[in-house]
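Please report on the sheet and the helix packed against it, with the domain layout at the end. Keep it short.

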Amino acid sequence: MLRIAVPNKGSLSEPAVEMLREAGYRQRRDSRELVLADPDNDVEFFFLRPRDIAVYVGSGTVDVGITGRDLLLDSGADAVEHMQLGFGGSTFRYAAPAGAVTSLEQVQGLRVATSYEVLVEGHLRSHGVEATVVHLDGAVESAVQLGVADVVADVVSTGTTLRGAGLEVFGNPILVSEAVLIRPRAVAEADVPAGVEVLSRRLQGVLTARQYVLMDYDVPVSLVERAVAITPGLESPTVSPLHDRDWAAVRAMVRRDQTNQVMDALYDVGARAILVTRIHASRL
């Protein structure tokens with residue numbers, strides 16, 4: 001069985017489980033369940049701490065895992081990113097009391113509190129900045145107020161927590177993170193097991209289904225070229241004749257976030273009976 005590590009808690013857990021469920025895999029019903037076999041798909045799921053997943057994957061204990069890019073890089077594990085999963089987006093940044101520090105160069109000689117010690121030390125080193133990195137397991141935003149550090153480095157989603165602590169971000173992001181599927185570094189992409197490729201195709205199918213819709217519409221034959229220029233699809237749209245030979249039916253995939261703009265443009269061209277259908281699953 002293909003062994004897959006899944007976050008057992010935290011912000012990545014539920015989206016990961018939902019994505020795997022949409023991809024056709026069995027998922028646990030009890031959060032206390034730590035191991036779940038799915039014999040129909042020849043896989044076995046291990047629900048682990050998000051921070052530990054890269055270590056298990058890198059050591060070969062499991063074949064692949066879902067974790068955050070930030071956690072992968074901070075782990076120092078012998079694992080690499082296999083594919084992006086499109087959820088769990090966040091930005092990793094430095095923050096300090098308003099106006100106290102405005103650039104990375106000013107961090108020289110200061111104390112930086114973070115839960116991502118390896119990641120921050122590597123970033124500072126790559127920019128030639130020497131600072132003392134203070135490791136904390138949580139509540140990093142309180143470190144300055146409590147006198148433990150001068151600067152913090154943490155994951156920022158909305159910035160509300162930092163602002164509540166009187167801090168503001170500065171400098172360029174350390175890292176833009178999201179959920180990723182990872183594999184052992186020792187396994188070359190060309191040698192990835194067939195089960196991983198099936199998993200990847202299924203997950204990519206979920207991403208496509210979430211990002212695109214099917215759009216059907218009728219358009220006068222004389223206007224087909226103008227209409228399909230608006231909806232080129234992924235390869236090429238399907239164009240079929242109607243009973244009225246002066247009209248054609250067109251079907252194409254359209255990005256979900258552009259649906260209404262495309263419908264407006266088609267209507268202006270002369271298309272009618274424009275319908276949108278959700279894609280449940282896909283293989284491209």
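Two strands pair if DSSP finds at least two bridges between them. Strands (E, at least two residues) and helices (H or I, at least four residues) are DSSP runs, numbered from the N terminus. This is a predicted model, in which local features need pLDDT of at least 70, side-chain atom pairs count only at pLDDT 80 or more, and totals for chains, interfaces and linings use all residues. Residues are numbered from 1 along each chain as its sequence is written, and side-chain values use heavy atoms, with hydrogens and water left out.

**The sheet**

Five strands make up an open sheet. Their order is E8-E7-E9-E6-E10, with mixed pairing. E8 and E10 are the edge strands; each has a single partner strand, so one side of each lacks a neighbour in the sheet. From one strand to the next, the twist averages 25°. Here axes are lines fitted to C-alpha atoms, and angles run from 0 to 180 degrees between N-to-C directions.

Strands of a sheet pair through backbone hydrogen bonds, either parallel or antiparallel.

| Strands | Bridges | Direction | Residues standing opposite |
|---|---|---|---|
| E6 and E10 | seven bridges | antiparallel | Pro-97 and Leu-167 |
| E6 and E9 | five bridges | antiparallel | Tyr-94 and Ala-153 |
| E7 and E9 | three bridges | parallel | Val-112 and Val-151 |

**Helix H4**

Which residues of helix H4 are buried? Buried means under 20% relative accessible area, exposed over 50%, and partly exposed in between (1.4 Å probe, protein chains only). H4 spans residues 117–126, and its buried residues are Leu-119, Val-120, His-123 and Leu-124. Seen down the axis of H4, these fall within an arc of 125°, so they line one face of the helix. The arc is that of the directions from the helix axis to the C-beta atoms. An α-helix has 3.6 residues a turn, so residues three or four places apart point the same way. On the other side of H4, Arg-125 and Ser-126 are exposed.

What covers the buried residues of H4? The cover includes helix H3 (69–75) and strands E6 (90–97), E7 (111–114), E8 (132–135), E9 (151–156) and E10 (167–177). Contact means heavy atoms within 4.5 Å. Just after H4, Gly-128 takes a positive phi of about 70°.

**Domains**

Domain bounds come from an automatic or database domain assignment. That assignment gives domain 1 (2–87 + 178–209), domain 2 (90–176) and domain 3 (212–278). The centres of domain 2 and domain 3, taken over C-alpha atoms, are separated by 50 Å.
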